[in-house]
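Subject: Structure for your files

Hello,

Here is the structure I said I would pass on. My notes on the disulfides and on some backbone angles follow it.

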Amino acid sequence: TEACDWQGRNGCTSGTCVFDFGVGDGDLCLTADPRVANDVSLGEACQMTNLQALCNVVDGFAEGYCGPNGVCRPICESDTECTVAGETCRIFSSENSLGYCGPEPTHG
């Protein structure tokens with residue numbers, strides 16, 4: 001699998017550059033992968049799967065995450081990047097600073 005640098009904008013020779021979720025794989029180039037919804041833009045519905053899915057592919061970089069309720073949400077590093085009322089930057093893991101703009105989780 002080809003590596004890329006999502007934050008540094010060093011893309012892929014083929015496929016989509018996706019950010020590291022904090023599981024140790026690093027930023028990777030994915031080609032024809034069910035985790036990348038190339039045709040889904042921010043605010044649009046994502047197909048629900050059992051995989052963490054990415055969306056809003058811009059210039060070869062996944063700029064969105066299919067978050068709660070199957071909606072493509074923007075990637076963020078801080079709450080200031082989230083412009084929808086009631087949404088905060090939901091960081092993926094303590095291993096990195098990236099997350100997605102989304103509502104507080106509800107239980108039940």
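Cys76 and Cys89 are joined by a disulfide, with 2.1 Å between their sulfur atoms. The model is a predicted one, so every value here is computed from predicted coordinates. The torsion about the S-S bond of Cys76 and Cys89 is about 105 degrees, so this disulfide is right-handed. Cys76 lies in strand β6 and Cys89 in strand β7 (residues 87-91), so the pair ties together parts that are 13 residues apart in sequence. Both Cys76 and Cys89 are buried.

Strand β6 (residues 72-76) also holds Cys72. That residue is bonded to Cys55, S to S 2.1 Å. The link of Cys55 and Cys72 is right-handed too, with 100 degrees about the S-S bond. Cys55 sits in strand β4 (residues 54-58), and the pair links distant parts of the chain, 17 residues apart. Cys55 and Cys72 are buried.

Another disulfide joins Cys12 to Cys29, again with an S to S distance of 2.1 Å. Its torsion about the S-S bond is about -100 degrees, so the disulfide of Cys12 and Cys29 is left-handed. This pair also links distant parts of the chain: Cys12 is in the segment before β1 (16-18), Cys29 is in strand β2 (residues 28-30), and they are 17 residues apart. Cys29 has a relative accessible area of 7%, which is under the 20% limit, so Cys29 counts as buried.

For the whole structure, the search finds six disulfides. With the bonded cysteines of the protein chain numbered in sequence order, the pairing reads 1-3, 2-4, 5-7, 6-8, 9-11, 10-12.

Now the backbone angles. Most residues other than glycine have a negative phi. Which residue in the segment before β1 goes against this? Arg9 does, with a positive phi near 60 degrees. Arg9 lies in that segment, and its relative accessible area is 38%, so Arg9 is partly exposed.

Asp59 is another non-glycine residue with a positive phi, about 50 degrees. Asp59 lies in the loop between β4 and β5 (61-66). Is Asp59 buried or exposed? Asp59 is exposed, since its relative accessible area is 75% and the cut-off for exposed is over 50%.

Regards

Conventions: Residues are numbered from 1 along each chain as its sequence is written. This is a predicted model: local features need pLDDT of at least 70, side-chain atom pairs count only at pLDDT 80 or more; totals for chains, interfaces and linings use all residues. Side-chain values use heavy atoms; hydrogens and water are left out. A disulfide is a pair of cysteine sulfur atoms within 2.5 Å. Helices (H or I, at least four residues) and strands (E, at least two) are DSSP runs, numbered from the N terminus. Buried means under 20% relative accessible area, exposed over 50%, partly exposed in between (1.4 Å probe, protein chains only).
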